[in-house]
Amino acid sequence: MTQAAIVAQDLTALGFVALGVAIAYRWYRDRGRAQAMLAGALISLAVVAALGRIPNPPPVLSGADLALFMVSGFFVLLFRHEFVPIGRTTLALAYALLVVAIGVGILDVFVFSNASPLVASVLGIVIVVPWAIFVGEPIVRFWIESIRLPAVQKARMRFLSVGFGLLIVVLLVAVIAGSAMRSPTAIIATQLIALAAVPVIYVSFAPPAILRRIWRLSEENEIRAALQDLLIFSPSRQVMAERAAYWAVRMMGGKSGFVSDADGKVLATSGIDAADAAALIADASNPTVIKAPLHLAEGAGQLAITAGPFTPLFGTEEIAQLRGYANSVTASLERARVTERMAALEDSKTQFLNLASHELRGPVTVMRGYVSMLESGLFGHLNDQGRKAAGVMAAKVSEMNELIEEMIEAARLEEGAVTMHAVEADLRDIARAAAEVVAPLLGPDHRLVMDLPDRRVRVKVDPDRTRTIIVNLLSNAIKYSPQGGTVTCHVRSRAGMARVAVTDEGLGISRESMGQLFTRFGRIVTPETEHLKGTGLGLFLARQLAGLQGGDITVASVEGEGSRFTLQLPAAPAAASADGAQDGAATPPSVPVPREKSPAAD
Ligand code: ADP
């Protein structure tokens, strides 16, 4: 035998001894039964390899070597038995086969040591085939089972399969080929293949971080997508919990899983029925259940996984991952709760709007009728005080009426029951009509400037509703300028868009309050505005009505300096270019232009 072949044999033996030491150390740190079986297989293989390097061993040593070799294979079978139990009869047969193979091995060493090559080959096959069965069945099984395991576990199972697979190939080839394999080249080749099995098997029980990361890459994108889905798009707590349970089972390679709520109720399950899951919640000592707490605001829930055949194997990373995942699940469950509460609140607002507006409309109409009859003297002549009182009542009833109309409109919008009657109109006319409506609201210190272009600003809109929008903006500009000042209504058309900008020099709106604008009942109450009457519906309606006509409202405001609300509407097609000529018309110098703020409510 050449020196190279000897070195190859030494190297292989050394590789297996190192593998034995490595698994012994792992086993020392993690004393699980499965780990013990794998350690048994690899340590006995290491001893076999070491004994094999002793030159001219006495028959007792050779016999022990062969027996240990058989045992190493049998340990692989026991390792598999830990995860996917083998039936009793099969196990008994396997034990019998082990005894037979060891018996034949001992015969081979003591009786047939000088047998002909043919007999030696036959004996070799009788020894190696049981070993190949002990090892071959588990590796095929591991490969099949690994299909539905998470990426890291899958790869580790497969490396284990490939590692032992290489050993089977080497042994079968060596025994079947018999003396043909005694050439140095053949020895070097088989030794190198056996040596290659060492890192492959090592990686299966102690994979370096970099490999784990690579294995996980394919899965990580999927998990990230699922997480995103969980955090952003999940429609309800229920659906979210169901997805969380499903993904947790996948992530861990478990059999089933469930999510329980703070009150201990099962929220969602995957692969297990709710009653069984409920029984597991209280069971703290069940070793086949892995639980990650969900720290919900109302108490602790659980994200639990029941172990599949391979869950405890190689599982520490997945367990850490499960805990991290549980934190995301907690966050999304909490978010879903807030969303659900808000939806319920919105619902009750809608119900309130509907109920209040429709119930109030009748009585207010009756009151309006009577008040106007009172005012017109139908019930007899009123003295001065009576007339004054009737005047105040008429004003208040009309305020109430407006409020109810706003509420009804908001409720209609909510139900999608608003129909627009679009006609071609001149936006300047609509703005003028709006100005007339708000004129009585102007105080002595207010000045309303209508900055209108000379040419028509053609739009196709519902004129009444558009007037309502502009009235809203103008009346707000006046109302929220309690100290007076100039309110400007600037109408222009540019690049296919007609605009009405209402600017005031009033209170302005703070940056923090911007988000509240345009929401239902979104009043901004400050010491300066708390005495001013309002519902918080005006801007909401205005923006909705603008939206229904293909437009929008934006806002720019500086607290203490003033605001500008801009209504944009699509210009009527034919008018777009003609009116575009008027773009850039100068704003009158009297108009304050507040510094633009991000249109927060856009
Ligand atoms: P309200 O009935 O309260 O006026 P709106 O929906 O019209 O309801 O307005 C919502 C809130 O926006 C108001 O409460 C007010 O604080 C603020 N707001 C609206 N317009 C102006 C403005 N021109 N200047 C300052 N604040 C305004």
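Me: Where does F521 lie?

Reply: F521 is in the loop between β9 (497-503) and α15. Bear in mind that this is a predicted model.

Me: Why is N56 classed as exposed?

Reply: Because its relative accessible area is 76%, and exposed means over 50%.

Me: Switching to the ligand. How many residues surround it, and which are the closest?

Reply: The ligand is surrounded by 19 residues. The closest are N476, Y480, D504, T535 and L539.

Me: What is the make-up of that shell by class?

Reply: Eight residues are nonpolar, eight are polar and three are charged.

Me: Which elements supply at least two residues of the shell?

Reply: Those are α14 (463-479), α15 (538-548) and β11 (562-570). Helix α14 gives the most, with three residues.

Me: Which polar atoms lie 3.1 Å from an oxygen atom of the ligand?

Reply: One is a polar side-chain atom of K479, 3.1 Å from a ligand oxygen. Another is a backbone N or O atom of I524, also at 3.1 Å from an oxygen atom of the ligand.

Me: What about G538?

Reply: A polar backbone atom of G538 is 3.3 Å from an oxygen atom of the ligand.

Me: How much of the ligand does the protein bury?

Reply: The protein buries 96% of the 530 Å² that the ligand exposes when taken alone.

Me: Back to α14. What does S475 touch, beyond its neighbours in sequence?

Reply: S475, which is in helix α14, is in contact with V438 and L441 once neighbours within four places in sequence are left aside.

Me: Why does S475 count as buried?

Reply: Its relative accessibility is 17%, and the cut-off for buried is under 20%.

Me: Next, A425. Which strand is it in?

Reply: A425 is in strand β5 (residues 423-426). With a relative accessible area of 15%, A425 is buried.

Me: What is A425 in contact with?

Reply: Leaving aside neighbours within four places in sequence, A425 contacts I430, V457, R458 and V459. The C-alpha atoms of A425 and D462 are separated by 8.6 Å, and these two residues are 37 apart along the chain.

Me: And S270, buried or exposed?

Reply: Buried, with a relative accessible area of 15%. S270 is in strand β2 (residues 266-270) and touches A245, Y246, V249, S256 and G257, not counting residues up to four places away in sequence.

Me: Helices now. How does the end-to-end distance of α7 agree with what its length should give?

Reply: Helix α7 (residues 184-205) has 22 residues, which should span 32 Å at 1.5 Å a residue. Its end C-alpha atoms are 33 Å apart, which agrees.

Me: Which residues of α7 are buried?

Reply: The buried residues are A186, I187, T190, Q191, A194, A197, V198, V200, I201, V203, S204 and F205.

Me: What about the span of α1?

Reply: Helix α1 (residues 3-29) has 27 residues and reaches 39 Å from its first C-alpha to its last, close to the 39 Å expected. Its buried residues include A5, A8, Q9, T12 and F16. An α-helix has 3.6 residues a turn, so residues three or four places apart point the same way.

Me: Last one. Which residues does R323 touch?

Reply: R323 touches K291, A292 and P293, not counting residues up to four places away in sequence. R323 and P293 are 30 residues apart along the chain, and their C-alpha atoms are separated by 7.6 Å.

Me: Where is R323 in the chain, and how accessible is it?

Reply: R323 is in helix α11 (residues 316-375). At 42% relative accessibility, R323 counts as partly exposed.

Note on methods:
Residues are numbered from 1 along each chain as its sequence is written. This is a predicted model: local features need pLDDT of at least 70, side-chain atom pairs count only at pLDDT 80 or more; totals for chains, interfaces and linings use all residues. Side-chain values use heavy atoms; hydrogens and water are left out. A residue is near a molecule or strand if one of its heavy atoms lies within 4 Å of it. A polar contact is a pair of N or O atoms within 3.5 Å; within protein, one must be able to donate a hydrogen and the other to accept it, and residues adjacent in sequence count only if both atoms are side-chain atoms. Accessible areas come from the Shrake-Rupley method with a 1.4 Å probe; for residues, only the protein chains shown count as cover. Helices (H or I, at least four residues) and strands (E, at least two) are DSSP runs, numbered from the N terminus. Ala, Val, Leu, Ile, Met, Phe, Trp, Tyr, Cys and Pro count as nonpolar, Asp, Glu, Lys and Arg as charged, and the others, Gly among them, as polar. Buried means under 20% relative accessible area, exposed over 50%, partly exposed in between (1.4 Å probe, protein chains only). Contact means heavy atoms within 4.5 Å. The expected span of a helix is 1.5 Å times one less than its number of residues.
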